[in-house]
Amino acid sequence: MAFGDKVVIQDLSFEVRRGEVFGFLGSNGSGKTTTLRALLGLYEPTAGELLVDGKQFAVEDGVKLGYLPEERGLYKKETVIDTMMYFGRLKGLSKEEARNFSMNYLERVDLSDKAKTRLDKLSGGQQQKIQLGVTIMGDPELLILDEPTKGFDPVNRRLLMNIIEERRKAGATIIYVTHQMEEVERLCDRLILLKDGRAAAYGTLAEVKKQFGGASMDDIFVKVYGGEKQEVRHE
């Protein structure tokens, strides 16, 4: 992937398996967002291909997709319930299905009393909960979550991780972007670490830790991105 003469992603190859949580990790500027936008069809790759079940993938092919971008985007002059029902209808839910999901979700995230509140009257964390609800509405087969717990306190972070684990148990495939290594340890089956548009590490959690001598994910992140001299063992 290149923009003019600047190559942003190069020699990058990875597999996301059906039903897993795949950690998509990297420091700022490592190429995560560019890769995700290529997966979503927002950027056209200058080389390479994206396959789903061995076939060339395009978003318009009908895969049920839920995307939570790092840059949040909601209609802030609308009420919570109107916004959620609007997106539910866009996803093909009936009016009753959209309302039932919305009210059940709001109860789950302790926002049922905010259903008729305008979004611009909510805190940033509350708005983020609504956006996650919109993302998982309609039971997407593939979820791409970019920093879903950013800015949350430990209580709400745990709540959202529980919801994400439930989606995995329900069969969703999840690409999970985060800088929180404890979330990687808890949620991710496999992962990739990007550095300068290339894979610095790739595999299961156990395989990546073994590659770095049994270090924790926090220590591995520092070794890869912190400028420290590192000794990587390939076995």
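Two strands are taken as paired if DSSP finds at least two bridges between them. Helices (H or I, at least four residues) and strands (E, at least two) are DSSP runs, numbered from the N terminus. This is a predicted model, where local features need pLDDT of at least 70 and side-chain atom pairs count only at pLDDT 80 or more, while totals for chains, interfaces and linings use all residues. Residue numbers start from 1 along each chain as its sequence is written, and side-chain values use heavy atoms, with hydrogens and water left out.

**Whole chain.** Start with everything showing: the protein chain has eight helices and ten strands. Now think about contacts, meaning heavy atoms within 4.5 Å. Among those between residues at least 6 apart in sequence, 65% join residues at least 24 apart.

**The sheet.** Next, colour the six strands of the open, mixed sheet, which run in the order S6-S7-S8-S3-S9-S10. S6 and S10 (198-204) are the edge strands, each pairing on one side only. On average, neighbouring strands here are turned by 10° against each other, direction ignored. (Axes are lines fitted to C-alpha atoms, for helices over the stretch in contact, and angles run from 0 to 180 degrees between N-to-C directions.)

**S3 and S9.** Select 21-26 and 190-195: these are S3 and S9, parallel and joined by five bridges. Look across from Gly26 and you find Leu194 in S9; Leu25 stands opposite Leu193. Five of the six residues of S9 are buried, so this strand is largely enclosed by the rest of the structure.

**S9 and S10.** Ile192 has Tyr202 as its bridge partner, and Arg190 stands opposite Thr204. The two strands make a hairpin with two residues between them, and Asp196 in the turn has a positive phi of about 55°.

**Helices on the sheet.** Show 154-169 next. This is H5, lying across S3, S7 (142-146) and S8 (173-177), at about 150° to S8. Then pick H8 (217-225), which packs on the sheet and touches S3, S9 and S10; its direction makes about 25° with that of S9.

**H1.** Which residues of H1 are buried? Select 32-39 and look for Lys32, Thr34, Thr35, Leu36, Ala38 and Leu39. With six of its eight residues buried, H1 is largely enclosed by the rest of the structure. After H1 comes Gly41, with a positive phi near 85°.

The last stop is the second largest pocket, with about 250 Å³ of space. Here a pocket is an open set of points on a 1 Å grid over the protein atoms alone where a 1.4 Å probe fits, with protein on both sides within 12 Å along at least five of seven lines; lining residues have an atom within 4 Å of a point. Its volume is the space filled by probe spheres set on the points, which are joined across faces, edges and corners. Select the lining, including Tyr67, Phe87, Lys91 and Gln131. S6 (65-68), H2 (80-90) and H4 (124-136) each give two or more residues to this lining.

Methods: Buried < 20%, exposed > 50% of the residue type's maximum accessible area, 1.4 Å probe, protein only.
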